[in-house]
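Let's take a look inside this protein together. Keep the structure open while you read.

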Amino acid sequence: MSIDIRLRRLIAASTLLTGVLMVLGVYTAAAGAGLTCAGRWPFCDGYLGLFPANWSSFIEWFHRFVAMITGIIILGTTVTAWRRRIERRIRIALAGSTVLLPSQIILGALTVTTYEWVILTAHFLTASLIFTGVVLATVWSQPVVNRSTLFRIGTLAMVATPILILLTPHAFIIFDPTVQSVYYAVGLMIYTAVITIGAWAPSVVDDSNSAWRVRMTASLAAATMIGLLIIGRQVYAGMLQYLSMGGSLFILALTIGAVVTLRRKDTHPPSRGIPGGD
């Protein structure tokens, strides 16, 4: 069944909110704001344990509020998608994200009551899986772009990657909560861009070999990007920042390769509708 514009916007809103929530979660953890509520979870300090008493508890409270809204929207989007019987892979992507929500809530509680790096990493990894599901659902639900649009998306990712290198954890700039938030916002933007390139390449690049190269290059860049973001949740020591920097350079090289391939091939999108659609 075709997807109306309202449902497309709802799916896109799920992606945007999930990305914002992830960045907000990084800031909350980096600032240690969750610790203000550690002994009272699921409540916090302030009036009746429900309202923030200071700036730190407000950060934690606001993070919970956004998490609640995001979870409700993802759930509602998934239910709507299944009720309307839209394309199967979109429904599966949304369902996968929805199934992970309960475990993410549990891990979120543990980040407040326990605050160990293994918990923080697991929490971010689960969030990344949820984000991947809604990103794929968003990409698959949109009409196929043309080659020029895909080229611009790749160029945006290519330009953003040097910013990621500059913000490498504990390398050039003090990795305070604000810098961490910017680092993860840029990283998630690049991740979304390369996923989009990988998903749409077969419908934009007529030559099958070139399409395969673009898709594999973009997929490898996406896997590396999410790996770097997960590594960023660790306690840095030794040479870890150089590994992170090397990974960013690798992503830059892969993105340049995809962009060059898209630029070199003068192709036109075939009229097949959504790539790989039923």
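## A201 and its surroundings

Leaving out neighbours within four places in sequence, A201 is in contact (heavy atoms within 4.5 Å) with L150, A211, V214 and R215. You'll find A201 in helix α7; helices here are DSSP runs of H or I, at least four residues, numbered from the N terminus. A201 counts as buried because its relative accessibility is 0%, where buried means under 20% relative accessible area, with a 1.4 Å probe and protein chains only. R213 sits 12 residues away from A201 along the chain, and their C-alpha atoms are 9.1 Å apart.

## How to read the numbers

This is a predicted model, so local features need pLDDT of at least 70 and side-chain atom pairs count only at pLDDT 80 or more, while totals for chains, interfaces and linings use all residues. Residues are numbered from 1 along each chain as its sequence is written, and side-chain values use heavy atoms, with hydrogens and water left out.

## The largest core

Now for the largest nonpolar core, which has 61 residues. Such a core is a set of buried Ala, Val, Leu, Ile, Met, Phe, Trp, Tyr and Cys residues joined through side-chain atoms within 4.5 Å. Helix α7 gives the largest share, 15 residues.

I90 is among the residues with the most contacts inside this core. Not counting residues up to four places away in sequence, I90 touches I3, I11, A137, W140 and S141.

## T78 in helix α2

Is T78 buried or exposed? T78 is buried, because its relative accessibility is 7%. It belongs to helix α2, and beyond its neighbours within four places in sequence, T78 is in contact with L94, A95 and T98.

Definitions and conventions:
Buried < 20%, exposed > 50% of the residue type's maximum accessible area, 1.4 Å probe, protein only. Helix = DSSP H or I, 4+ residues; strand = E, 2+ residues; numbered from the N terminus.
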